[in-house]
Amino acid sequence: MAQDQSKPSGPDLVQGIALAELQDGRMLAGHAAGEQVLLVRLGTEVFAVGAHCTHYHGPLVDGLVVGDTVHCPWHHACFDLHTGEALHAPALSPVACWSVEQRDSKIFVRDKRAQPEAKLRGKPAGAAPEKIVVVGGGAAGFAAVEMLRREQYQGSIVMLSNDDAAPIDRPNLSKDYLAGNAPEDWVPLRPESFYSENGIDLRLKASVTGINARSRQVALANGSNVPYDRLLLATGAEPVRLSIPGADQPHVRTLRSLADCRAIIELAKTARRTVVLGASFIGLEVAAALRARDIEIHVVAPEKRPMERILGPQMGDFVRALHEEHGVVFHLEDMVVAIDGRRATLKSGGVLEADLVVVGVGVRPRVALAEQAGLTLDRGVVVNPFLETSIAGIYAAGDIARWPDPYSGEIIRVEHWVVAERQGQTAALNMLGHSEQFTAVPFFWSQHYDIPINYVGHAEKWDELSIDGDIAAKDCLLRYKRDGRVLAVASIFRDVESLQAEVMMERDAAT
Ligand SMILES: Cc1cc2nc3c(=O)[nH]c(=O)nc-3n(C[C@H](O)[C@H](O)[C@H](O)COP(=O)(O)OP(=O)(O)OC[C@H]3O[C@@H](n4cnc5c(N)ncnc54)[C@H](O)[C@@H]3O)c2cc1C
Ligand code: FES
């Protein structure tokens, strides 16, 4: 992602600052030898680590210190202050670490340390498996293989993906990359060389058609079989396609893969008007991204307010007004019933001319393989707290997994990037023989123009919605409660409170 090209700011930490300037538990950003450095004081100890998150460069100084970790304000990654390790996705790479000297009641940042080894997690139970196979080259699959090698797993890793692109930063496909604000080299999660350098046998365009749980092999469409000792299913979700007349025309697109996004960008080069079907996250992020390309946007959706079901009426009205300020035209409580060439016919009788139609009406978990293998399904693949499915040795993570969420006490399935990555990481550890329960509280973010919406927790239904601050002023925190208990929190520019809510929910779930 973006490199740090900003000029060094804050005090020169090589020259030192007074210890009194940094209170216990507090952070301070400065620079050392041209690099931005974050100082964190914990009691008598002072840590110096890279000042920016390795995910999208979030300023860690605006985040939260929890124990001996620092959490990023933007998408809640978490770094170990001792080692710099990215403990919680979405960051996967460590931040740099510097030596700190305390002398004469002053703090000095000295040399950059060789990247410290990540802390060991203790010896896993039993012998390590020889062969791990991961089906899926998305968020969960990638985070799993990265974690396997981070944990110094020496056995074979085969990663099978029916996509033709290596793992990508999927959220970017509806944001900066689609808007034309990010070059394509920001999209891969890692350069191609990562896989060979780390002994990961990544096979693209490799469609898995079956699982034989008895002989422990997966079957590929090309007729070959791949044996496994442990298997991770991370097949994600696929966009719901419309069954209306005209939905199969080349200018009617869905968005999931890099190829989908490239096709939309190609059409957008000459499109004057786009109709977006669906007013939820993908649809409205696409609307915002295509407005940056100066394309006229009409959003058609059956609901009364965008995102009301997830965020409530007040936030729904705000999101609508935000998009209208940017020139988006809504056709709510309406549907497209047919697309005849450039003419999209609405149920209400109107017709919209469109050179491009983007369909963002939801996704379905890809559970065909799991079903064929005889795994227990319930609107997704049912897993236990260790993310293991009903067949021992087969794990599931990401958009397909339905797991027992300790905070809500419910069995849930979500479609969030960070959850998929964190589940991939937990599944990786458990495939190695650790016994880690998946306890992370769900988190997602969504970006509309320059407004990020962060959401922590999971509230399918609530009976009370309290609002702190002012949504219209883009400074707010909404609490979704049931029987007086906060189930979820949505916020705009209240990053520390959002992080605090996450920590509070995780602590609550652990008791
Ligand atoms: C455009 C877009 C923007 C998004 N933005 C956000 C956001 O801002 N915030 C957020 O929280 N979430 C966002 N999401 C959702 C997020 O990307 C998903 O929750 C996440 O990618 C799920 O990860 P996954 O590993 O379960 O599935 P995926 O990332 O979809 O990966 C699944 C993989 O499995 C492969 N596969 C499937 N079937 C087979 C098979 N039979 N054989 C071989 N390979 C197979 C696929 O090719 C793919 O590589 C966005 C999604 C999209 C599409
Ligand atoms: S920028 Fe830090 S988590 Fe995304």
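Here are a few notes on the salt bridges in this predicted model.

1. Start with Glu85 and Arg150, whose side chains form a salt bridge at 2.9 Å, N to O. Glu85 sits in the loop between strand E7 (78-80) and strand E8 (86-88), while Arg150 belongs to helix H1 (residues 139-150), so this contact ties together parts that are 65 residues apart in sequence.

2. How accessible are the two partners? Glu85 has a relative accessibility of 7%, so it counts as buried. Arg150 is buried as well, with a relative accessible area of 18%; the cut-off for buried is under 20%.

3. Next up, Glu101 and Arg110: their side chains meet in a salt bridge of 2.8 Å, N to O. Glu101 comes out as partly exposed at 29% relative accessibility, and Arg110 is partly exposed too, with a relative accessible area of 30%.

4. Then there's the bridge between the side chains of Arg305 and Glu308, at 3.2 Å from N to O. Arg305 counts as partly exposed, with 21% relative accessibility. For Glu308 the value is 27%, which again means partly exposed.

5. One more thing to look at on screen: which residues are joined into one network by salt bridges that share partners? They are Glu85, Arg121, Glu146, Arg150, Glu151 and Glu436.

Key: Residues are numbered from 1 along each chain as its sequence is written. Chains are lettered from A and ligands numbered from 1 in the order in which they are written. This is a predicted model: local features need pLDDT of at least 70, side-chain atom pairs count only at pLDDT 80 or more; totals for chains, interfaces and linings use all residues. Side-chain values use heavy atoms; hydrogens and water are left out. A salt bridge is a side-chain nitrogen of Lys or Arg within 4 Å of a carboxyl oxygen of Asp or Glu. Helices (H or I, at least four residues) and strands (E, at least two) are DSSP runs, numbered from the N terminus. Buried means under 20% relative accessible area, exposed over 50%, partly exposed in between (1.4 Å probe, protein chains only).
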